Amino acid sequence: MIAYKHALAAALLCALAGQIGAGASLHCAMRREISPCTCRREDAGTGVILVVCQRINSYEEIARALTNKFSPETKIGLDISYSQLPDFTEYSIKELGLSVTRLKLNFDNLRQVVSEVF
């Protein structure tokens with residue numbers, strides 16, 4: 001009977017660990033796939049994934065890292081900071097194929113931002 005309880009407890013722990021691991025990565029692409037950017041769940045209640053790209057040399061790097069890496073239903077908060085984006089106006093956020101619900105651009109040396117980018 002004791003062995004049965006231990007086996008049941010071990011099975012339950014394994015199942016919970018699998019659920020936690022799967023839930024944490026459900027909407028977040030594998031780290032290597034979106035490098036040099038990173039992602040994490042912003043808030044479990046909203047389902048928003050925060051994608052952070054820092055110290056990037058061009059927007060093209062961001063586009064290569066993120067284009068079509070998340071399902072269109074996944075809400076993304078995109079934070080681009082401390083980057084050099086001389087080619088930012090040549091691209092569109094829409095081209096990433098992401099549902100960006102919040103965009104944060106900080107300290108990116110942007111000289112000009114045109115509405116077509118959004």
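Gly77 has Arg102 as its bridge partner in strand 4. Strand 3 (75–81) and strand 4 (99–106) run parallel and are joined by 7 bridges. Two strands count as paired if DSSP finds at least two bridges between them. Helices (H or I, at least four residues) and strands (E, at least two) are DSSP runs, numbered from the N terminus.

This is a predicted model: local features need pLDDT of at least 70, side-chain atom pairs count only at pLDDT 80 or more, and totals for chains, interfaces and linings use all residues. Residues are numbered from 1 along each chain as its sequence is written, and side-chain values use heavy atoms, with hydrogens and water left out.

**Strands and crossover**

- Strand 2 and strand 3 also pair in the parallel sense, over 6 bridges.
- Ile49 stands opposite Ile76 of strand 3.
- Between strand 2 and strand 3 the chain passes through helix 3 (residues 59–66), and this β-α-β crossover is right-handed. Right-handed means that, with the strands pointing away from the viewer, the path from the first strand over the helix to the second runs clockwise.
- Buried means under 20% relative accessible area, exposed over 50%, and partly exposed in between (1.4 Å probe, protein chains only).

**Disulfide**

- A search of the whole structure finds 1 disulfide, defined as a pair of cysteine sulfur atoms within 2.5 Å.
- Cys37 and Cys53 form this link, with their sulfur atoms 2.0 Å apart.
- The link of Cys37 and Cys53 is right-handed, with 110° about the S-S bond.
- Cys37 sits in the loop between helix 2 (31–34) and strand 1 (38–43), and Cys53 in strand 2 (residues 48–54), so the pair ties together parts that are 16 residues apart in sequence.
- Both Cys37 and Cys53 are buried.

**Ser83**

- Ser83 lies in the loop between strand 3 and strand 4.
- Ser83 counts as buried because its relative accessibility is 0%.
- A polar atom of the Ser83 side chain lies 3.3 Å from the backbone nitrogen of Arg55.
- The Ser83 side chain also reaches the backbone oxygen of Ser81 at 3.0 Å. A polar contact is a pair of N or O atoms within 3.5 Å; within protein, one must be able to donate a hydrogen and the other to accept it, and residues adjacent in sequence count only if both atoms are side-chain atoms.
- Leaving aside neighbours within four places in sequence, Ser83 is in contact (heavy atoms within 4.5 Å) with residues including Cys53, Gln54, Ile56 and Phe107.

- Arg64 and Glu60 are separated by about one helical turn, because they are 4 residues apart in helix 3.
- Arg64 counts as exposed at 56% relative accessibility, and Glu60 as partly exposed at 36%.

**Backbone geometry**

- A cis peptide bond joins Ser35 and Pro36, with omega about 20°.
- Pro36 lies in the loop between helix 2 and strand 1.
- Arg55 is not a glycine, yet has a positive phi of about 55°.
- Arg55 lies in the loop between strand 2 and helix 3 and is exposed, with a relative accessible area of 59%.
- Asn68 is not a glycine either, and has a positive phi of about 55°.
- Asn68 is placed in the loop between helix 3 and strand 3 and counts as exposed at 59% relative accessibility.
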